[in-house]
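Grab the structure, try each task, then check your steps against the solution.

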Amino acid sequence: MGGKKGKDEAAFGKPVKYDPSFRGPIKNRGCTDVICCIFFLLFILGYIVVGIVAWMYGDPRQVLYPRNSTGAYCGVGQNKDKPYLLYFNIFSCILATNIITVAENGLQCPTPQVCVSSCPEASWTVGENQFLQTVGEVFYTQNRNFCLPGVPWDMQVRESLKHELCPSFLLPSTPALGRCFPWSNVTPPELRGITGNVSQGVSGLIDSLNARDISVKIFEDFAQSWHWILVALGMALILSLLFILLLRLVAGPLVLALILGVLGVLAYGIYYCWEEYQALRDRGASISQLGFTTNLSAYRSVQETWLAALIVLAVLEGILLLMLIFLRQRIRIAIALLTEASKAVGQMMSTVFYPLVTFVLLFICIAYWAVTALYLATSGQPQYIFWAPNASLPSCEKVPVNTSCDPMAQPVNSSCPGLMCVFQGYLSTGLVQRSLFNLQIYGVLGLFWTLNWVLALGQCVLAGAFASFYWASHKPQDIPTFPLSSAFIRTLRYHTGSLAFGALILTLVQIARVILEYIDHRLRGVQNPIARCIMCCFKCCLWCLEKFIKFLNRNAYIMIAIYGKNFCVSAKNAFMLLMRNIVRVVVLDKVTDLLLFFGKLLVVGGVGVLSFFFFSGRIQGLSKDFENPHLNYYWLPIMTSILGAYVIASGFFSVFGMCVDTLFLCFLEDLERNDGSLDRPYYMSTALLKILGKKNETSQGNKVKERESRP
């Protein structure tokens, strides 16, 4: 036994030695990983420069505002009072190409487009008796201001339609995304020569714009139910707090009930599999009769499937029972640590709300990247070309179609009907445009690195606060007054480089996973089975590596918060400490995961059930102030409430999980560092001392002194 213990110490390091000056997170510490800190700050400075360059050269108005045929923005500048875009023949968007291509091109269509102050409210078509009238009589005097700018008042309607300077028909439309889209129940106009095309366009357009009606209904539902959604989220907040506080009282019975519940579920699974196996065995349904098939559901009708499931469940049941028998002491330690974590969270309630700080920082990182990427994607000078709806006509052969032009000088060429100077896109010949891909890659790297750094900051700050709780000799008297703010300032001042180092390692692995997913997506149609298997193995390896690095970083940040050493030393010490207590680590991890899963299930399930009964109108007898709103899709606020409850519960329980991990590492070091003597007393709670069968001589001596001092 001694030889085996010596081998373990040689493999995983020596136990921590006693330090008489150690009293929890050290105060006198220096900056760690300075080189990485400087590199991170320079990277952030470069990230800011990229944002400035994107802001100088980008033009996000092309995404936020629609453009007319000349490239001018609607709702901006000279078109400030004309925020909507009207298509003369919107059906050409569908007839010319598919809706996906149209959306990718900024909803540009091969038809004249004009900025208008309001969308048409009624159907209208140019009559045969109006062809010889003037534009002023047919359009301007009738409040139909839908012609292109600069069309003369006295021009004949026939000429304006020939050159597509005015629309030949109008449809009742609703503004969506700054553009006038026809109503879903619109009737196609009867136009000579193009009636068939319009009918075809209507059917395609209505199918593609159904999402617009759905989006309007979704907006209405949110407008009527947003305050009830906030009530549901408030309930999730209260339930999460109650669950954490409840652990202080019933952590043991709750964990025992969960374990027995898992045993019961497995036992029922074994019983069900046996019943199915027995029934199929009596009928003689064997896999030899079925043979090999790709229809997996067919295997449910053979006895071997249920026999295999029965064996697997029985093995799991046996393993769990053996763990309860042989690891009951370690399970009791895990329960005691969960109870201690609940006390720590109760003593420092400010830690529960720290995820709000993390959420704000994450939002800032994502918003900055999104805005920068938008500005970069819209950088460049606009380009205009000549365009004609029927460039193949003999009269258009001499017209320089698809050549550059000046949008301020609109051509009026009677020989080519509808010749116009239209916006094509943005040039990509500038310095910024040539480096656009590299700048976008820089932005993606900045997004991943900053997000991981923010998460690392939260873990290190919480670890510092909870470590100060564990290493307090007399709780709560010796707990610092502001443990969370002190840990935040200490981490930000001394360990920015260490957090950046750990975040960079994780970022590189995540970037590699993204690249691998992109390659897999691009080559999915041409892969053979061997290549698909190799790609799957690579993806699995990177996933496992990412999980391991997250686990190692988490424990390294705890060590950094306590001892103030650099990332590599902290990661090594944490890993060695955990490997010296690997069985306790596995037991605590699984018990904590089971408990937190049950907590999330309780919060999310409770909020989801109440939201379902309320929004679906199944709760009767409520007063007028508590009536459920009349919704188009009652499942929408239900799903929103469930998603919000999950986010809130995850935030609360992530704090609790960090508390458990921190106290666990402190507990392991406490066992190695101290022995319970007068000079080296344990810092752990009385419950943990009883479970381990140990005691503090200091506490015993104090009790004797108290009895002797009594009269």
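**Exercise 1.** Which residue does a disulfide join to Cys-74?

*Solution.* Before starting, note that this is a predicted model, where local features need pLDDT of at least 70, side-chain atom pairs count only at pLDDT 80 or more, and totals for chains, interfaces and linings use all residues. Residues are numbered from 1 along each chain as its sequence is written, and side-chain values use heavy atoms, with hydrogens and water left out.

Step one: look for a disulfide, meaning a pair of cysteine sulfur atoms within 2.5 Å. The partner of Cys-74 turns out to be Cys-115, with 2.0 Å from S to S.

The angle about the S-S bond is -80°, and the link of Cys-74 and Cys-115 is left-handed.

Cys-74 sits in the loop between helix H3 (61–64) and strand E1 (84–87), while Cys-115 is in strand E2 (residues 113–116), so to speak 41 residues apart. Helices (H or I, at least four residues) and strands (E, at least two) are DSSP runs, numbered from the N terminus.

**Exercise 2.** Work out the handedness of the disulfide of Cys-119 and Cys-180, and say where its ends lie.

*Solution.* Start with the distance: Cys-119 and Cys-180 are joined at 2.0 Å, S to S. The torsion about their S-S bond is about -85°, so this disulfide is left-handed. Now the ends: Cys-119 lies in the loop between E2 and strand E3 (124–125) and Cys-180 in strand E6 (residues 179–182), so the pair ties together parts that are 61 residues apart in sequence.

**Exercise 3.** Are Cys-147 and Cys-166 buried or exposed?

*Solution.* First, the bond: a disulfide joins Cys-147 to Cys-166, at 2.0 Å from S to S. Its torsion is about 115°, so the disulfide is right-handed. Next, the cut-offs: buried means under 20% relative accessible area, exposed over 50%, and partly exposed in between (1.4 Å probe, protein chains only). Both Cys-147 and Cys-166 come out buried.
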